[in-house]
Amino acid sequence: MEMMVIESPPECPGYMGRSYSDYNSDRCGEFPLAGSPSASAGGASTLRCLLVSSAADYSDEVVRGLISDLDSPSVESKRRAVMELRHLAKHSPENRLRIARAGAVAPLVSLLSHPDPQLQEHGVTAILNLSLCDENKAPIAAAGAVRHLVRILRCGTPAARENAACAILRLAQLDDLGAAIGRSGAIPPLVALLETGSSRGKKDAATALFALLAGKENRARAVEAGVVRPLLDLMADPESGMVDKAAFVLHRVLSEPEGRASAVAEGGVPVLVETVEVGSQRQKEVGMLSLLEICEESAAYRKLVVREGAIPPLVALSQSSSRKIRDKAEALIELLRQPATPGVNRAKAVE
């Protein structure tokens, strides 16, 4: 089944002409959580980081020295070096390129497998900061970062897991890498982060999943990993602040037969009907499109949607100022009012 394209989902990369850093700039640099290992690093080292990062005339020799320290046998030397590099890369595109071109990518990726949780966390954040420069994404992937990021998603610190999700989002924007990331096992730990993470972690997981679920194989993996239940829970809880994000991810899942079956089995129809009835305009639109996905090839599902009272809010939505939304709402209403006959032509329903 061909997946319908939704225009302009909120805060999702690849839409509205905005980059990841545009849509959420405070998630693109270093941001240790209170109580995380990095939040308790020594004050003198942090001060030095800030001094270096604010120096406009730092030399390439300084950068090369920091990169050399990443290979030091001293854990403290490694920690100090990676903290300074991540600060240097935090706000400056020029620094991101300079650090990567000086050879930092491989030793930073090696830190992702270090047993010290602070080094892992700093390493993930440094990789994330470097990945904000598009030119750096391919070298980071080529250095083998994906498998390490997936491992950190499974068992890293909370901050490291969140930043790993952001880094995976960046790498997923490379052509053909999304499927490879899925094959590396990223989907199940992202679903786990969506279900059990902090508010920020849930948002990071949802955004990474939205990018990865552009691929058919990854949508099947997500359904198998149980993504539908936490998405519906977030949609049903306006206080989560995740209704929009969860709705857009769910719509991608519903393009697969397994996703539609899972959504119905998990009680998704009442959630979607309520979204169309009481959600924001954007939520109503994506809820309607998701119901259209569910209904187009199943008379049984259409009957269930009608029984949940979908037609009145859909009639209201058919008065939308957007012709595209109006047409799709009218198509769904017509579909729901048809006698239960097999073989409904999908193309006619969405034209």
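User: Cys-166: buried or exposed?
Analyst: Buried. In this predicted model, the relative accessible area of Cys-166 is 1%. The cut-off for buried is under 20%.

User: And Cys-155, buried or exposed?
Analyst: Cys-155 is exposed, at 55% relative accessibility. Exposed starts over 50%.

User: Switching to helices. Which residues of α3 are buried?
Analyst: Val-63, Leu-66 and Ile-67. The helix spans residues 60–69.

User: How do those sit around the axis?
Analyst: Looking down the axis of α3, the buried residues fall within an arc of 100°, so they line one face of the helix.

User: What covers them?
Analyst: The cover includes three helices: α4 (75–91), α5 (93–101) and α6 (105–111).

User: Now α19 and α20. What's the packing angle?
Analyst: About 140°, with the axes 8 Å apart. Helix α19 runs over residues 281–295, and α20 over 299–307.

User: What does that make the pair, oblique or roughly antiparallel?
Analyst: Oblique. Roughly antiparallel needs an angle over 145 degrees, and this pair packs at about 140°.

User: Which residues meet there?
Analyst: From α19, Leu-291, Ile-294 and Cys-295. From α20, Tyr-301, Arg-302 and Val-305.

Technical notes
Residues are numbered from 1 along each chain as its sequence is written. This is a predicted model: local features need pLDDT of at least 70, side-chain atom pairs count only at pLDDT 80 or more; totals for chains, interfaces and linings use all residues. Side-chain values use heavy atoms; hydrogens and water are left out. Buried means under 20% relative accessible area, exposed over 50%, partly exposed in between (1.4 Å probe, protein chains only). Helices (H or I, at least four residues) and strands (E, at least two) are DSSP runs, numbered from the N terminus. The arc is that of the directions from the helix axis to the C-beta atoms. Contact means heavy atoms within 4.5 Å. Axes are lines fitted to C-alpha atoms, for helices over the stretch in contact, and angles run from 0 to 180 degrees between N-to-C directions. Angles under 35 degrees count as roughly parallel, over 145 as roughly antiparallel, 65 to 115 as roughly perpendicular and the rest as oblique.
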